[in-house]
Each structure stands twice: as structure tokens, then as C-alpha cells.
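The points below can be checked one by one against the display.

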Amino acid sequence: MEGQKDVLLPQKMSAAASGYDLHAAVDEQVILQPGERRLIPTGFALSMPPELEAQIRPRSGLAYKHGITTLNSPGTIDADYRGEVKVLLINLGQEPFVIERNERIAQMVFQRVPQIQLNVVNELTETVRGAGGFGHTGR
């Protein structure tokens with residue numbers, strides 16, 4: 001992308017990693033205050049075949065050490081999206097968090113998306129669980 005030549009592309013940090021680390025393409029230091037959320041640019045766009053989606057997920061180290069996580073997690077990038085990938089970060093920690101250019105801020109994992117045909121029916125098949133929802137099995 002224009003003006004982002006020095007921003008690192010997504011990269012796996014180990015051979016067996018499932019996610020690609022994403023880097024901040026901020027022009028200047030961003031200070032994310034406790035409770036604050038910001039959309040952070042990554043400096044790249046991508047093209048995928050229609051059977052894939054990219055999921056944006058938090059980095060476990062940032063979440064554990066600083067309370068930095070992604071909202072709308074996992075965030076979905078659809079195969080037909082062609083804009084810059086951005087990461088919606090929130091600071092759930094108690095201290096301001098400084099984001100520098102090229103800092104690893106999130107990870108991206110690719111998943112297959114099955115092609116499903118939805119059908120309208122008048123009844124659903126019975127199951128043991130039935131309509132039991134949130135917390136129905138106890139604590």
C-alpha cells in the first residue's frame with residue numbers, strides 16, 4: 001500500500017504456527033488508554049479465494065501481559081473485501097499501552113468456509129438438549 005513499504009507483512013513466528021502476526025502501520029506512536037478502543041491499520045490488503053475467510057484474533061502475550069485484545073473477536077475478513085486490513089484493539093488493562101510502527105498487534109488465521117444452503121422448515125428434529133441455552137447445564 002502507498003506509504004507503507006517499510007511495514008512488515010504478516011508472518012508466522014514459528015514453523016507450526018497457525019496464525020500470521022500482523023504489524024501496526026501507524027504513522028506515529030498511538031497510546032491506547034485503559035478502556036479505549038482504536039482501529040489500527042496494518043498497511044496491507046489481500047485477495048483470497050471464495051472458500052476462505054481470514055480471522056483476526058488477539059495475540060495471547062498482549063492479552064495476558066497488558067490486557068490488549070481485539071473486539072469483535074474473531075473479526076472476519078470476507079473473501080470479497082479488498083480494503084486495508086485494520087485491527088480493532090481495546091485496552092482492558094489498567095495502564096496506557098503504546099503502539100509503535102511495526103509492532104505485532106494481532107494474528108490472522110485462515111479458515112475454510114463451507115457453502116451452506118439454508119432451508120425453511122416448520123419443525124426441528126428433537127435432541128436431548130432441546131432449546132437449553134446459556135448456562136443450561138449449570139455452573
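1. Asp6 counts as partly exposed, because its relative accessibility is 45%. The model is a predicted one, and the values in this note are to be read as belonging to that model. Asp6 forms a salt bridge with Arg101, with the closest N and O atoms 2.8 Å apart. Asp6 lies in the segment before strand S1 (20-23) and Arg101 in the loop between S8 and S9, so the pair ties together parts that are 95 residues apart in sequence. Arg101 is likewise partly exposed, at 27% relative accessibility.

2. A second salt bridge is formed by the side chains of Asp21 and Arg104, at 2.7 Å from N to O. Here too the pair links distant parts of the chain: Asp21 is in strand S1 and Arg104 in strand S9, 83 residues apart. Asp21 counts as buried because its relative accessibility is 7%, under the 20% cut-off. Arg104 has 29% and counts as partly exposed.

3. Arg38 and Glu36 also meet through their side chains in a salt bridge, at 3.1 Å from N to O. Salt bridges that share partners join Asp6, Asp27 and Arg101 into one network. Arg38 is partly exposed, with a relative accessible area of 32%, and Glu36 is partly exposed at 22%. A search of the whole structure finds 5 salt bridges.

4. A cis peptide bond, with omega of about 0 degrees, joins Ser73 and Pro74. Asn72 has a positive phi, near 55 degrees, although Asn72 is a residue other than glycine. Both features call for a check because most residues other than glycine have a negative phi, and most peptide bonds are trans. Asn72 counts as exposed because its relative accessible area is 62%.

5. A positive phi is also found at Asn102, near 75 degrees. Asn102 sits in the loop between strand S8 (97-99) and strand S9 (104-112). With a relative accessible area of 22%, Asn102 is partly exposed.

6. The largest pocket holds about 270 Å³ of space. Of the 16 residues that line the largest pocket, Ile56, Gly75, Thr76, Lys86 and Leu88 are the closest to its centre. Strand S6 (75-77) and strand S7 (86-91) each supply at least two residues of the lining. By class, the lining has 8 nonpolar, 5 polar and 3 charged residues.

7. Gly75 is placed in strand S6. Gly75 counts as buried because its relative accessibility is 13%. The C-alpha atoms of Gly75 and Leu52 are separated by 14 Å, and the two residues are 23 residues apart along the chain.

8. Leu39, Leu71 and Leu88 make a nonpolar surface patch of about 230 Å². Leu71 is partly exposed, with a relative accessible area of 30%.

Note on methods
Residues are numbered from 1 along each chain as its sequence is written. This is a predicted model: local features need pLDDT of at least 70, side-chain atom pairs count only at pLDDT 80 or more; totals for chains, interfaces and linings use all residues. Side-chain values use heavy atoms; hydrogens and water are left out. On a 1 Å grid over the protein atoms alone, a cavity is a set of points where a 1.4 Å probe fits but cannot get out, and a pocket is an open set with protein on both sides within 12 Å along at least five of seven lines; lining residues have an atom within 4 Å of a point. Grid points are joined across faces, edges and corners, and a volume is the space filled by probe spheres set on the points. Helices (H or I, at least four residues) and strands (E, at least two) are DSSP runs, numbered from the N terminus. Ala, Val, Leu, Ile, Met, Phe, Trp, Tyr, Cys and Pro count as nonpolar, Asp, Glu, Lys and Arg as charged, and the others, Gly among them, as polar. Patches are made of residues with over 30% relative accessible area and no salt bridge: like charges are joined within 9 Å, nonpolar side chains (Val, Leu, Ile, Met, Phe, Trp, Tyr) within 5 Å. Accessible areas come from the Shrake-Rupley method with a 1.4 Å probe; for residues, only the protein chains shown count as cover. A salt bridge is a side-chain nitrogen of Lys or Arg within 4 Å of a carboxyl oxygen of Asp or Glu. Buried means under 20% relative accessible area, exposed over 50%, partly exposed in between (1.4 Å probe, protein chains only).
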